[in-house]
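Okay, thanks for coming, everyone.

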Amino acid sequence: MKKEMSSLKNKHSQNNKKAIVYIMVWLLFTASGFVLSLYFNWWIGQIMLGVGFFQAFILLHETGHYSLFKSKKINKLFGHLFGFISFIPFISWVDMHNLHHKWTGWRDKDPTTVGTVNPKHGFVLKSVVNISWFLFLPLFTIGYRIDNYWNLRKIKTFAPKTNRKRVLFNLLIIILIWTLLIILFTDFYVSYVLPAFLIGLMMSDLIILSQHSHIDIPVSNGKDVKPLKHAYQVKYSRSIRVGSVFENWVLFNFNMHEKHHAYPGVPSYYLPEMQCEEKNTRNFWTFICKAKLLSGENFVFSTTKKTNKML
């Protein structure tokens, strides 16, 4: 039995060749986006570049699990690169995202979902939330990144061992370099980078919100609860399907969220091979159509139990 477990682990361990293929695909989308935007078709180019920005976030996620490359140092190196591109400090990403995997299944224990418990929104903020969701404006993704990975107070609360000075330094370096580049190449950034970055955020908004939003996840209400085993977190996660080619080469299997929570250490290029119960898997277009029929407030901050809407 031990030999079988060891063989299974080795079969799905990090593979540098597969990692390099993912990096090359990301470079292809990014470079093609710039070339198309500059010389051929701006709209197609910006969409391609937007995919590149979204893929950078997905690869940040993968390097944060240290599951892209075999070497932890190389994962960290690329993690900081993709964190810079995604405007997320790699240091805070690793710690807060690990806590997400620890506490999925308890909405008030998971630092990435705690804000959905008893939100206090006035009329103006509710209106902004609902309008943004209706118009596909990536308000939630922007808030998700700032509140979870820039928020030093929240990081101290949920990850007290994290060196906040290092996180702050990491964030200031990202802001400084981005600001310097925008000042030096203002016209280029406004015309060819920022629109694509916004498109990437819009893509991220739809995929990330599909993963846990509007699922009836329990609240501990201050009780002393234990983290759920990975296999039990699956029912509190959702996967979306858009076709295997698109999933593998555009989304890098980031859509297979149930499998990812069942096997968080398995590299994404192996997720299609993994087996787990996938009761929450949905067709992407069907899911989005149903989700958009809900207000942004209900979709993100309520659950199926409250709205009686199954997505």
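Before I count anything: a helix here is a DSSP run of H or I with at least four residues, a strand is a run of E with at least two, and the numbering starts from the N terminus. By that count, the chain has 16 helices and 2 strands. And please keep in mind that this is a predicted model.

So, overall dimensions. The C-alpha trace covers about 60 × 55 × 45 Å along its principal axes. For 311 residues, you'd expect a compact globule to have a radius of gyration near 19 Å, and this chain comes out at 19 Å, so the two agree. Buried residues account for 48% of the 311. As for contacts, take those between residues at least 6 apart in sequence: 71% of them join residues at least 24 apart.

Now the inside. In soluble globular proteins, nonpolar side chains tend to be buried together. In this chain, the largest nonpolar core has 69 residues, and the members that touch the most others are Phe57 and Phe299. What does phenylalanine 299 contact, leaving aside neighbours within four places in sequence? The list is Trp133, Leu209, Ser213, His214, Phe287, Ala291, Leu294 and Leu311.

Helix α3, residues 42-64, and α5 have axes that come within 9 Å and cross at roughly 75 degrees. Angles from 65 to 115 degrees count as roughly perpendicular, so that's what we call α3 relative to α5. On the α3 side you have Phe57, Leu60, His61, Thr63 and Gly64, and they meet Phe90, Trp93, Val94, His97 and His101 of α5. By type, that contact splits into 5 nonpolar and 5 polar residues, with no charged ones.

Stay on α5, which is residues 90-103, and look at its packing with α9, residues 164-184. Here the angle is about 130 degrees and the axes are 7 Å apart. That makes α5 and α9 oblique to each other. Phe90, Ile91 and Ser92 of α5 make this contact with Arg166, Val167 and Asn170 of α9. In this case the residues are 3 nonpolar, 2 polar and 1 charged.

Serine 86 sits in helix α4, residues 72-86. Its relative accessibility is 1%, so it counts as buried. Beyond its sequence neighbours within four places, serine 86 contacts Ala56, Phe57, Leu60, Arg145 and Phe197.

Next up is histidine 261, in helix α13, which runs over residues 257-262. Buried or exposed? Histidine 261 is at 0% relative accessibility, so buried. If you skip residues up to four places away in sequence, histidine 261 touches His100, His101, Thr104, His212, His230, Gln233 and Ser237.

Last one: leucine 181, back in α9. With a relative accessible area of 24%, leucine 181 is partly exposed. Setting aside neighbours within four places in sequence, its contacts are Phe84 and Tyr189. And for a distance, leucine 181 is 46 residues from leucine 135 in sequence, and their C-alpha atoms are 30 Å apart.

That's my tour, so over to you for questions.

Conventions. Residues are numbered from 1 along each chain as its sequence is written. This is a predicted model: local features need pLDDT of at least 70, side-chain atom pairs count only at pLDDT 80 or more; totals for chains, interfaces and linings use all residues. Side-chain values use heavy atoms; hydrogens and water are left out. Axes are lines fitted to C-alpha atoms, for helices over the stretch in contact, and angles run from 0 to 180 degrees between N-to-C directions. Angles under 35 degrees count as roughly parallel, over 145 as roughly antiparallel, 65 to 115 as roughly perpendicular and the rest as oblique. Contact means heavy atoms within 4.5 Å. Ala, Val, Leu, Ile, Met, Phe, Trp, Tyr, Cys and Pro count as nonpolar, Asp, Glu, Lys and Arg as charged, and the others, Gly among them, as polar. A nonpolar core is a set of buried Ala, Val, Leu, Ile, Met, Phe, Trp, Tyr and Cys residues joined through side-chain atoms within 4.5 Å. Buried means under 20% relative accessible area, exposed over 50%, partly exposed in between (1.4 Å probe, protein chains only). The radius of gyration is taken over C-alpha atoms; the globule rule is 2.2 Å times the number of residues to the power 0.38.
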